[in-house]
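Dear colleague,

I am handing over the structure below, and I would be grateful if you could look through it before reading my notes. What I found follows after it.

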Amino acid sequence: MLDPGLLWGRSPWVFAGVALLYGALDRRSSPIAPALRSLVTVRVSQINHCAFCVDINAATLAKRGVSMEKIDALAQWQGSALFDGEERLALEYAEAMTLNRVDDDLRTRMKAHSGDDALVELTGLIAFQNLSSKFNAALDVPAQGFCRIPQRPSEPRAVIHDS
């Protein structure tokens, strides 16, 4: 059993709602590609200092085919050539939304690129990840060993655990 599940389980009605919302946002028919959804969730988790969320979402990101080099570079995506235009825009939006800095220019660029339906879904995903990562960070939920990402270049490469 995952630590957050044990905590959310103290309020079964809220847990059920959170689980349903996550399922709706991470469904196969989402207009947002699975790897892009995971890039955004890892970045939001990093901003909110949620060790558990970075751990589990980075493992999902790796399983969705994103290289460890790219995952390692995510915290500094602005200075990395590994991210394409769509990823950069989504990450910019995720950061701005997490820090309450979405302005008209960014909203307009997002709508022009994504359309209203995809923008609503991306906004919902970012809001969900903020809920989840802030919940876990506030309750000091630790990483559970899904994906160990190096903190310094001298550390060994990430290890992905199937679970």
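**Salt bridges and a helix contact**

Asp26, Arg37 and Arg64 are joined in a network of salt bridges, a salt bridge being a side-chain nitrogen of Lys or Arg within 4 Å of a carboxyl oxygen of Asp or Glu. Please bear in mind that this is a predicted model, in which local features need pLDDT of at least 70 and side-chain atom pairs count only at pLDDT 80 or more, while totals for chains, interfaces and linings use all residues. Residues are numbered from 1 along each chain as its sequence is written, and side-chain values use heavy atoms, with hydrogens and water left out.

By this rule there are 8 salt bridges. In the one between Asp26 and Arg64, the closest N and O atoms are 3.1 Å apart; Asp26 lies in the loop between α2 and α3 and Arg64 in the loop between α4 and α5, so the pair ties together parts that are 38 residues apart in sequence.

Glu95 and Arg43 also meet through their side chains in a salt bridge, at 2.7 Å from N to O, and this pair links helix α6 with helix α3 across 52 residues. Glu95 is buried, at 13% relative accessible area (buried means under 20%, exposed over 50%, partly exposed in between, with a 1.4 Å probe and protein chains only), and Arg43 is likewise buried, at 11%.

Helix α3 (residues 34-47) also packs with helix α7 (residues 104-138), at an angle of about 40° and with the axes 9 Å apart, where helices are DSSP runs (H or I) of at least four residues, numbered from the N terminus, and axes are lines fitted to C-alpha atoms over the stretch in contact, with angles from 0 to 180 degrees between N-to-C directions.

Conventions
Helix = DSSP H or I, 4+ residues; strand = E, 2+ residues; numbered from the N terminus.
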